[in-house]
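I opened my notebook to look up charged pairs and surface patches. Here is what I am working from.

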Amino acid sequence: MNVYSFIGKQMTHTPDTLSDDQTADLAEMFRLLGDPTRLRIVLTLLTETVQVGEIAERLSVSQSLVSHHLRLLRAARLVRHERKGREMHYRIHDHHVSCVIDDMVAHVAEVREAQHTAGQEAETA
């Protein structure tokens, strides 16, 4: 089995360890996260359990749109729900999803910082 080293982490899942079905499932998860509204929903759920109405209010979108996106995210096992009385509360499915999102947010911040620094260096040259 190939093991890639990635910034001190051992990457055990390589192209030759994933089946075609697993690769398709992974691609579908990333496709779902490519929609800005769905990504904002996932970001909202990173640190807390939130009900549909509150998600809609925070994101300034309709409850029906949030429900539609949550249905897709649940089917992909990116989020999960729990019933509290008559209300459904949603949260990130597990720590794997949280780690992926956290890492990508950090990556975007690093890229933006590098671009900002490069722009400042170009201005002073």
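Before anything else, I noted what I count as a salt bridge: a side-chain nitrogen of Lys or Arg within 4 Å of a carboxyl oxygen of Asp or Glu. I also reminded myself that this is a predicted model.

**Entry: K84 and E82**

I looked up K84 and E82 with that cut-off in hand. Their side chains meet in a salt bridge, at 3.7 Å from N to O. The pair counts because the nitrogen has to lie within 4 Å of the oxygen. Then I checked the cover on each one. K84 is partly exposed, at 43% relative accessibility. E82 is partly exposed too, at 28%.

**Entry: the whole structure**

How many salt bridges does a search of the whole structure find? I got five.

**Entry: R58 and E54**

Next I went to R58. E54 forms a salt bridge with R58, and the closest N and O atoms are 2.5 Å apart. Both residues sit in helix α3, four residues apart, so about one helical turn separates them. I found E54 partly exposed, with a relative accessible area of 33%. R58 is partly exposed as well, at 38%.

**Entry: R58 and E48**

I stayed with R58 and found a salt bridge to E48, with the closest N and O atoms 2.9 Å apart. This pair links distant parts of the chain, 10 residues apart. R58 belongs to helix α3, which covers residues 52–59. E48 lies in the loop between α2 (36–44) and β3 (50–51). I looked up the accessibility of E48 and read 34%, which counts as partly exposed.

Which residues are linked with R58 in a network of salt bridges? I wrote down E48 and E54. R58 takes part in both pairs, bridging to E54 and to E48.

**Entry: a nonpolar patch**

What makes the nonpolar surface patch of about 350 Å²? I listed L26, F30, V100 and M104. I then asked which helices supply them. α1 (20–33) and α5 (95–124) each give at least two residues of the patch.

L26 has its place in helix α1. Its relative accessible area is 39%, so I logged L26 as partly exposed. A patch residue needs over 30% relative accessible area, and L26 has 39%.

Definitions and conventions. Residues are numbered from 1 along each chain as its sequence is written. This is a predicted model: local features need pLDDT of at least 70, side-chain atom pairs count only at pLDDT 80 or more; totals for chains, interfaces and linings use all residues. Side-chain values use heavy atoms; hydrogens and water are left out. Buried means under 20% relative accessible area, exposed over 50%, partly exposed in between (1.4 Å probe, protein chains only). Patches are made of residues with over 30% relative accessible area and no salt bridge: like charges are joined within 9 Å, nonpolar side chains (Val, Leu, Ile, Met, Phe, Trp, Tyr) within 5 Å. Accessible areas come from the Shrake-Rupley method with a 1.4 Å probe; for residues, only the protein chains shown count as cover.
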